[in-house]
Amino acid sequence: MIRLTFDRGSVVSEGGPVPYGKLDARSGNYRAPAFRYRLILEHLEREGVEYSDEVFMRGSGLQLSSNIVLRDYQKEALEAWRDEGHRGVVVLPTGAGKTVVAIKAIESLGEPALIVVPTLVLVEQWRTRLEEEFGVDVGVVRGGAREVRPITVITYDSAVLRSEELGNRFGLLVFDEVHHLPAASYRRIGTLYAAPYRMGLTATLSREDGAHVSLIEYVGRIVYEMEVDELAGVHLADYSVETIQVPLTPEEQMEYDNGFSIYRGYLQSRGIRIRSARDYQRFVMRSGRDPEARRALLARNRAMDLAMNSSSKVEYLKRILLSYPDEKALVFTRHNKLVYRISKEILIPAITHQTPGREREETLERFKSGVYLRIVTSQVLDEGVDVPDASLAVVLSGTGSSRQFIQRLGRVLRKGEGKQAKLVELVSKGTAETRVSRRRSSR
Amino acid sequence: MILPSEDIRVRRRRGVIRPVYASEDEVSLAKTLVSVFGEHVGETRGDLKEALSGCEMLGFDYRLVRGLSSVLEDRCVFGSRGVLDPSRVRRAVFEEAGRRIVASEDDRKGILGAASFRLGSSVYDLERSLYADLQDEQELQEFEQVEPMDLLKGYNFSLLVALLAHARHIELTYDGDSPELRDLCSRIGECKHSNVRGSSMLSIKLPARLSGYRASHLQDLLTVVLGMKSWSLKAEVVYPPRSKKPHTLEVRSQKGIMIKPLQPRTEPLVEASVRQAPRVRVRSKIIDLERTADRLGLTEAEVRGMVKGLSYVDLGGMLVAEGKLQEVEKALSGLSDMRFGEVRRVLRGVGVKEPVPLLEALGYVVEWNRDRDESLVYRI
């Protein structure tokens, strides 16, 4: 008879081989990554092998009930996840209610559940929400706090660190913002936990590095996906996206052209062609040993910096704000430098990673209550923070990531009476930034 | 001053590591950087950083530019520009701005004027204080000038110290004897001294991780050595830190050597004589000397020196407080089942986190079985 146990991120089989198991020469047992637990069980059942399963520290099942009533598309998402054997990724836009789908999943499954989230702010948000819905104490594991309960919220970092101890205590894993899971440092969570049931939540799954493909193995395939357009006007606010091409100032244009001519000149002189991200990486590596390459790289970076942080954009921003004087607005940039410039010039409160936590909460609270009508921020509010509702988003600069674009759009999409949300994107005309903009809004 | 690890420039070949020193050819860069720092007195750190990043385009190795800048930064005093509490200022300004839109300079002045009235300050102070808590907003208040050639020599000194900070072992040979050097060596690591026919040799074994205070003594050591007439230094260096095998670094006295410490700032922050070893108290009742030394960046001898307050029994690299040892032995003697799973459970019950090293130190052997918990534990 085979005896299955859990040991430090592995399922250990004593008494015979199991699929994905490797022989541990020292002990004579077979060890398989914990996430294969479910497949191992299925295999043993199918083959009629006698076994004793001691992998999980089983407690009594959870009796939970909430008053949540799901919308039609949320029901469909939950059913699709159930049909897939309680595994898979649900892709819904920001504001469409991903959290409630997960709460219903926890309720209906009745298994101890670990909710893995990327930020401390989300830990608190999830805990509050789960306690409100279920009326039970919810555990929290993060740096400095370690309180494990049948329903526990944990950060991605702590989930990696605590995998040995928690890997066999939860039947269900819920990954909020699951697009983080494929990151090299977090991928181990996918493998070290034995939980047979898994749900991933995200607004935009794709990663620029293509690593999201690995999610299929750890969480399951996409079981339900709905895009912003399908919900706009019904469950989300109606919205419009406008891209405005803003010319650089003559001085900026001259400097931009000069920077790019140094960059192009170098590439031509060395016969280098940049056709992919990999080519560009090679060029950056070259700049570590070749001062000319370094000069070209810095010239390019300066030119891009000018395009992204152009003075003209600040002037256009003033015009936009004047056109929508009563709208609650979020202004997004790529770099903190521009955030603080705008904050000082237009006297708008700023939120960046340097903003003290208390001040950030206070600023968001005042934005919510209407004391402040605008906030300027870089990338910290893109995700993982519950940002009060706004109706106007102005994107002054960003990455080429469609995920970032969709998340920023999501910040203004919460449904409101007669609300018409707007996203205005300012792009420096005739610069490489136009390509960045096309890339991010191509989806 | 010790260069940041990422700015170290070296060439490694066939087991030998050589620092890439700055040479006289780079004096123009040194001049430029000195003038950039000088011109930025009264400006913000952010502006200085931007100007320095522009210097990386001058065609020199960017790590040299950054290294020289680090050396110069050590001669700077930065301070806050604000006179008011920045978070209070922000609250006042943004509340005043409220729902209004700043479309012109007049709008802006109006809001700042109203906020400064509320806070009882001037608009000038208000503006300077608004984000004075950001590092980039700090003001370069003083910069102590330096000759470009001295800067290059000072850079080379900092580069050599930075590299030696990655050494596992240093051998220093010099004419005569120097109690000062011997004293400095003993502060850096485990030091052995020998004197043969008027020539001294100091052999220093350094911990895997060099603490700040120890690195400062290394700096002092090199300063003394460079002032001597005839010397040679050989070190086993592990750089970059992830590299698997050490490389040999050799430096010796020679005429016109371009390595010299920069004169310290007029008012050194810490006098070398009052520099203290880190005050760490090792409190655990079971101390694995090697692991603790590695964790704290100290030698085993230093860890022994820090163990205070309790009477310990030395079990050969494992120090166990007398009371704890009795407790452990009593727990083990009461065991009828000497299988590892049971032994571990009992030892954990008396506060032993890692049973195997302690068992080995007590003279037990674990005969590992396929099932770890079933392994037999017996005393030799």
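A:E252 touches A:L306, A:S310, A:S311 and A:S312, leaving aside residues up to four places away in sequence; contact here means heavy atoms within 4.5 Å. This is a predicted model: local features need pLDDT of at least 70, side-chain atom pairs count only at pLDDT 80 or more, and totals for chains, interfaces and linings use all residues. Residues are numbered from 1 along each chain as its sequence is written, chains are lettered from A and ligands numbered from 1 in the order in which they are written, and side-chain values use heavy atoms, with hydrogens and water left out.

**Around A:E252**

- A:E252 sits in helix 10 of chain A. Helices (H or I, at least four residues) and strands (E, at least two) are DSSP runs, numbered from the N terminus.
- A:E252 counts as buried, at 9% relative accessibility. Buried means under 20% relative accessible area, exposed over 50%, and partly exposed in between (1.4 Å probe, protein chains only).
- A:E252 and A:A307 lie 55 residues apart in sequence, yet their C-alpha atoms are 8.1 Å apart in space.

**Aromatic pairs**

- Over all chains, the count comes to 12 aromatic pairs. Rings of Phe, Tyr and Trp (its six-membered ring) pair if their centres lie within 6.5 Å; planes under 30 degrees apart count as stacked, over 60 as edge-to-face and the rest as tilted.
- A:F35 and A:Y218 form an edge-to-face pair, because their ring centres are 5.5 Å apart and their planes stand at 70 degrees.
- That pair links distant parts of the chain, 183 residues apart. A:F35 is in the loop between strand 4 (30–33) and helix 1 (37–47) of chain A, and A:Y218 is in helix 8 (residues 215–218) of chain A.
- A:F35 is buried at 10% relative accessible area. A:Y218 is buried at 9%.
- A:F260 and A:Y263 are also edge-to-face, with ring centres 5.7 Å apart and planes at 85 degrees.
- A:F260 and A:Y263 are 3 residues apart in helix 10 (residues 250–270) of chain A, so about one helical turn separates them. Both are buried.
- Ring pairs join A:Y256, A:F260, A:Y263, A:Y266, A:Y280 and A:F283 into a cluster.

**Charges over rings**

- A:R319 lies over the face of A:Y316, 4.4 Å from the ring centre. The rule asks for NZ of Lys or CZ of Arg within 6 Å of the ring centre and within 35 degrees of the ring normal.
- In chain B, the charged end of B:R45 sits over the ring of B:F78, at 3.8 Å from its centre.

**Chain B: overall and helix 2**

- Chain B has 14 helices and 14 strands. Of its 380 residues, 45% count as buried.
- Among contacts in chain B with a separation of 6 or more, 69% come from residues 24 or more positions apart.
- B:R45 is also one of the buried residues of helix 2 (residues 45–55) of chain B.

**Chain B: helices 3 and 7**

- Helix 3 (residues 62–73) and helix 7 (residues 148–164) of chain B pack at about 100 degrees, with their axes 10 Å apart. Axes are lines fitted to C-alpha atoms, for helices over the stretch in contact, and angles run from 0 to 180 degrees between N-to-C directions.
- Helix 3 and helix 7 of chain B are therefore roughly perpendicular, a class that covers 65 to 115 degrees.
- From helix 3 of chain B, B:L64, B:G67, B:L68, B:V71 and B:L72 meet B:L151, B:L152, B:Y155 and B:S158 of helix 7.
- By class, this contact of helix 3 with helix 7 of chain B has 7 nonpolar, 2 polar and no charged residues.

**Backbone geometry**

- Most residues other than glycine have a negative phi, and most peptide bonds are trans.
- The peptide bond from B:Y239 to B:P240 is cis, with omega near -5 degrees. B:P240 lies in the loop between strand 8 (231–237) and strand 9 (247–252) of chain B.
- A:H86 has a positive phi, near 60 degrees. A:H86 is in the loop between helix 2 (72–83) and strand 6 (87–91) of chain A, and is partly exposed at 22% relative accessibility.
- B:R14 has a positive phi, near 45 degrees. B:R14 is in the loop between strand 1 (10–13) and strand 2 (16–19) of chain B, and is exposed at 76% relative accessible area.

Terms used:
Parallel < 35°, antiparallel > 145°, perpendicular 65-115°, else oblique. Nonpolar A, V, L, I, M, F, W, Y, C, P; charged D, E, K, R; others polar.
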